[in-house]
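Dear colleague,

I am passing on the structure below, together with some notes on the side-chain contacts in it. Please read them with the coordinates open beside you.

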Amino acid sequence: MLSTYGYPKFPYLQTEEQRTGVVRRHPVVVVGAGPVGLTAALDLARQGVPVVVLDEDDTVSVGSRAVCYAKRALEVWDRLGCARRMIDKGVVWNVGRVFHRNDQVYQFDLLPEPDHKIPAFINLQQYYLEEHLVAEARKTGLVDLRWKSRVVSLDQRDGHATLGVETPDGVHTLEADWVIACDGARSPLRKMLGLEFVGQVFQDRFLIADVVMKADFPAERWFWFDAPFHPGQSALLHRQADNVWRIDFQLGRDADPEEAKKPENVVPRLKAMLGADTAFELEWVSVYTFQCRRLERFRHGRVLFAGDSAHQVSPFGARGANSGVPDADNLVWKLKLVMDGVAPDRLLDSYSEERVAAARENLLNSTRSTDFITPKSAVSRLFRDAVLDLAGEHPFARSLVNSGRLSTPTTYAGSALNTPDTGSFAGRMVPGAPATDAPVEENGQPGWLMDRLGGRFVALYHAGADPVPAETAARLDALARGRIPFAWFAVTDRRREARPNELVDVNGRFRERYDATPGSLYLIRPDQHVAGRWRHVDAAALAEALNRAIGR
């Protein structure tokens, strides 16, 4: 099979611990250098925490694997300094089309409103994504990337973890105050701790083919039920970078995976879809089954699970990496505050509580998609096909069509870290919701609200057309001098002489999206989720909300 990508080989280097035999204690060890592990390591480094990353391989992901990256994951990577290269290299899209046999049932737009910095989705091969993350991690000087390093044992005692690590030079030992397990769906660390997944494994098999070809299909997500070129089964088409196209074929539960992957069996399927005269090359082929499973808890002492090691979902809906990256985003700021002694240890329990709730949401959506795409009975198939027939003409039926509900960020509605509303607000920016973007201007320069959020707590005070009252500014300044990392900005309705901490709401999007009125105040967490909101500033209430948001 053709590969258009030159896989880098990362050097294995013997460490000082191996040379001297002296066991060192590290603040954080991340196991797994995939998208989630690298995101966690990069975020830790951005906050000044040295981190060791262990990976048993010495290159990036083989095959494109994860393809679709959603706005929320891209916003996390944007905060960490590497999203722009991903977006520039990837294929930006926001329109999807659903077909039933030869007929288009409907189309959707994932970002119909204007004025967002980050697009709804990009398609980019996982190897490019990991390459960008590795490059960014190397720049920090705080991420120690250790390749060809496989964890073979794990023990927890006396307030730390001890890991046995196998390398080309043998097995050595290192210690860690904290371990973040991002070692994938087959997670050896999960097995070492004797942890089991709960959930469901579906029997239907699907074929992934990454195909290199020049084609005039638009940069959209096309999904077929009962595809005319693949009768009785579903198919999916996505465009990636470098003229690589991701094509998924439903195979059914009786398919032989090894036979299905052979080029002599893949090529006829592709020719039926693309036309006998279309020139293409196979880059990568794999067969998978749907798995909708998770750990009951993501924290186990000093070991914190994230990404596929904590939960698995079906690929339809792009919920794999797009749920794993928010795991890292949720975890790292909490871990930093606990390590610094600012927050109590129980703040890390909220990581498990919030991200288990997110996993439940993702698993529910993934299971529903699977049941619709692969009906388990004749009656279920009859219902599904009737819905598809109706959806072309009747909007009510379109809400029932499920070709994979695409990833959206979780609102931590029930989180103990939220401060409940005391005033009346409209819109989606409820406590626990991910903040949404808006164009702003600072010191005469255009920018974006999301660029001012993340990595610390931020208060957004809507000043309207007036200057910030001196008493309000003094109260907010006092909080900014406290132990909890905190900053604040005044959002104003109009340009005037530039002032510190002032953002101009250039076209009213902030006011509209946050239902902001003069005097309104929002508290945003370091992971860019809303912690609380008030119609008027109350210094005592804000201080209490800050403490609540760090588990005090």
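At the start of helix H15, a side-chain oxygen of Asp-538 comes to within 3.0 Å of the backbone nitrogen of Ala-540; please keep in mind, here and below, that the model is predicted. Within this helix, which covers residues 539–549, Leu-542, Ala-545, Leu-546 and Ala-549 are buried. Viewed down the axis of H15, the buried residues fall within an arc of 100 degrees, so they line one face of the helix. An α-helix has 3.6 residues a turn, so residues three or four places apart point the same way. The face of H15 that is turned away from the buried side carries Ala-540 and Glu-544, both of which are exposed. Just after the helix, Gly-551 adopts a positive phi of about 85 degrees.

Turning to the charged side chains, a search of the whole structure gives 43 salt bridges. In one of them, Arg-101 meets Asp-226 with an N to O distance of 3.0 Å, and this pair links distant parts of the chain, 125 residues apart, with Arg-101 in the loop between strands S5 and S6 and Asp-226 in the loop between S13 and S14. Arg-101 is partly exposed, with a relative accessible area of 38%, whereas Asp-226 is buried, at 17%.

A further salt bridge joins Lys-334 to Glu-354, with the closest N and O atoms 2.8 Å apart. Because Lys-334 lies in helix H9 and Glu-354 in helix H10, the pair ties together parts that are 20 residues apart in sequence. Lys-334 counts as buried at 0% relative accessibility, and Glu-354 counts as buried at 4%. Elsewhere, salt bridges with shared partners join Asp-43, Lys-71, Arg-72, Glu-75, Arg-79 and Asp-329 into one network.

As for the aromatic rings, the count comes to 23 pairs. The rings of Phe-225 and Phe-372 have centres 5.5 Å apart and planes at 80 degrees, so this pair is edge-to-face. Phe-225 belongs to strand S13 and Phe-372 to helix H10, so the contact ties together parts that are 147 residues apart in sequence, and both residues are buried. Tyr-514 and Tyr-522 also form an edge-to-face pair, at 5.1 Å centre to centre and with 90 degrees between the planes. Ring pairs also link Phe-99, Phe-217, Trp-222, Trp-224, Phe-229 and Trp-245 into a cluster.

Finally, two arginines lie over ring faces: Arg-302 over Trp-178, at 4.1 Å from the ring centre, and Arg-535 over Phe-425, at 3.8 Å.

Methods: Residues are numbered from 1 along each chain as its sequence is written. This is a predicted model: local features need pLDDT of at least 70, side-chain atom pairs count only at pLDDT 80 or more; totals for chains, interfaces and linings use all residues. Side-chain values use heavy atoms; hydrogens and water are left out. Rings of Phe, Tyr and Trp (its six-membered ring) pair if their centres lie within 6.5 Å; planes under 30 degrees apart count as stacked, over 60 as edge-to-face and the rest as tilted. Helices (H or I, at least four residues) and strands (E, at least two) are DSSP runs, numbered from the N terminus. Buried means under 20% relative accessible area, exposed over 50%, partly exposed in between (1.4 Å probe, protein chains only). A charge sits over a ring if NZ of Lys or CZ of Arg is within 6 Å of the ring centre and within 35 degrees of the ring normal. The arc is that of the directions from the helix axis to the C-beta atoms. A polar contact is a pair of N or O atoms within 3.5 Å; within protein, one must be able to donate a hydrogen and the other to accept it, and residues adjacent in sequence count only if both atoms are side-chain atoms. A salt bridge is a side-chain nitrogen of Lys or Arg within 4 Å of a carboxyl oxygen of Asp or Glu.
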